[in-house]
Amino acid sequence: FSVRCVGNHTSILFILILSSIMVQEVNVTIPAGRLGVAFTKEKMSLRPMVYKVRGGSSLYDKVPEGYIFLSLKTGDGAEYKNLTCKQLTDMLIETSSDPHRSLTFYEKYQ
């Protein structure tokens, strides 16, 4: 891609283009029960980040380590965002019997 000078707006335009290229959202339907996923705090955003996915996890081939949590949606339509690692873990345990929940992550290309 190319960036052309448009006064003081060049930096903003460049950041917007770069952001749209570098971030990809991934939505994953998760089964009822334990997930076998561990989270840690991402350094820049402080959002929960996938730290480890166990080999036997149903998410093993779907959610790589390093993906950053955006939201949890439950079967009843509730959506949870801006959770800490502890809040996310607690919500996953609380909703573990819900077979219609999903997680949305984003992946940052480096």
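In this predicted model, Thr95 has a relative accessible area of 10% and is therefore buried, as the value falls under 20%. Thr95 is found in the loop that runs between helix H2 (85-94) and strand S6 (101-108).

**Surroundings of Thr95**

- A polar atom of the Thr95 side chain lies 2.8 Å from the backbone oxygen of Met91.
- When residues up to four places away in sequence are not counted, Thr95 touches Leu72, Thr74 and Arg101.

**Strands S4 and S5**

- Strand S4 (residues 68-73) is largely enclosed by the rest of the structure, because 5 of its 6 residues are buried.
- S4 pairs with strand S5 (residues 79-81) in the antiparallel sense, over 3 bridges, and Ser71 has Lys81 in S5 as its bridge partner.
- The two strands, S4 and S5, form a hairpin with 5 residues between them, and in the turn Gly77 has a positive phi of about 95°.

**The largest pocket**

- The largest pocket holds about 350 Å³ of space and is lined by 14 residues, of which Arg34, Leu35, Gly36, Val37 and Ile93 lie nearest its centre.
- Strand S2 (37-41) and H2 are the elements that give two or more residues to the lining of this pocket.
- By residue class, the lining of the largest pocket divides into 6 nonpolar, 4 polar and 4 charged residues.

Conventions:
Residues numbered from 1 in each chain as written. Predicted model: local features only at pLDDT ≥ 70, side-chain atom pairs only at ≥ 80, totals over all residues. Heavy atoms only, no water. Helix = DSSP H or I, 4+ residues; strand = E, 2+ residues; numbered from the N terminus. Buried < 20%, exposed > 50% of the residue type's maximum accessible area, 1.4 Å probe, protein only. Polar contact = N/O pair within 3.5 Å; in protein donor to acceptor, adjacent residues only side chain to side chain. Contact = heavy atoms within 4.5 Å. 1 Å grid on protein atoms, 1.4 Å probe; cavity = no way out; pocket = protein on both sides within 12 Å on 5 of 7 lines; lining within 4 Å. Points joined across faces, edges and corners; volume = space filled by probe spheres on them. Nonpolar A, V, L, I, M, F, W, Y, C, P; charged D, E, K, R; others polar. Pairing = 2+ DSSP bridges.
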